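The structure is shown below for reference.

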Amino acid sequence: MELRTLRYFLAAASEENITRAADILHVTQPTLSRQLMDLERELGTTLMYRGKKGMTLTEDGLFFRQRAEEIVELAEKTEQEFQHQEGELA
């Protein structure tokens, strides 16, 4: 599981639409769909129900969104801390 994939999932969850999320992420819709299906396969669960007018998160998807937000936030905070350290050392 990569941070990029978590960000893809969060964008799709936020937009509730894979096509709109793909546009925001500057990737093709099939690429995003494939990444999300691979994520579901990796986790062994369905994270979202896909429909013609968008998608909704399953119960597992809601739980995973919370965890993905925590992981991405922690990664960003860690990067910022290292960037801050570099500034102090220069």
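F64 counts as buried in this predicted model, because its relative accessibility of 9% lies under the 20% cut-off. F9 is likewise buried, with a relative accessible area of 0%, and T58 counts as buried at 6% relative accessibility. The values are collected here.

| Residue | Relative accessibility | Class |
|---|---|---|
| F9 | 0% | buried |
| T58 | 6% | buried |
| F64 | 9% | buried |

A search of the whole structure returns 1 aromatic pair. The pair consists of F9 and F64, whose ring centres are 5.1 Å apart and whose planes stand at 70°, so the arrangement is edge-to-face. Distant parts of the chain are linked in this way: F9 belongs to helix 1 (residues 3-15) and F64 to helix 4, 55 residues apart.

Both phenylalanines also belong to the largest nonpolar core, which has 21 residues; F9, L32, L36, M48 and F64 touch the most other members. Helix 1, helix 2 (18-25), helix 3 (29-43), strand 2 and helix 4 each give two or more residues to this core. Helix 1 supplies the largest share, 7 residues.

Beyond its neighbours within four places in sequence, M48 is in contact with F9, I18, L36, E40, M55, T56, L57 and T58. T58 itself lies in the loop between strand 2 (54-57) and helix 4 (59-89). With the neighbours within four places in sequence again left aside, T58 is in contact with T46, L47, M48 and Y49.

Notes. Residues numbered from 1 in each chain as written. Predicted model: local features only at pLDDT ≥ 70, side-chain atom pairs only at ≥ 80, totals over all residues. Heavy atoms only, no water. Helix = DSSP H or I, 4+ residues; strand = E, 2+ residues; numbered from the N terminus. Buried < 20%, exposed > 50% of the residue type's maximum accessible area, 1.4 Å probe, protein only. Contact = heavy atoms within 4.5 Å. Phe/Tyr/Trp six-rings, centres within 6.5 Å; stacked < 30°, edge-to-face > 60°. Core = buried A, V, L, I, M, F, W, Y, C linked by side-chain atoms within 4.5 Å.
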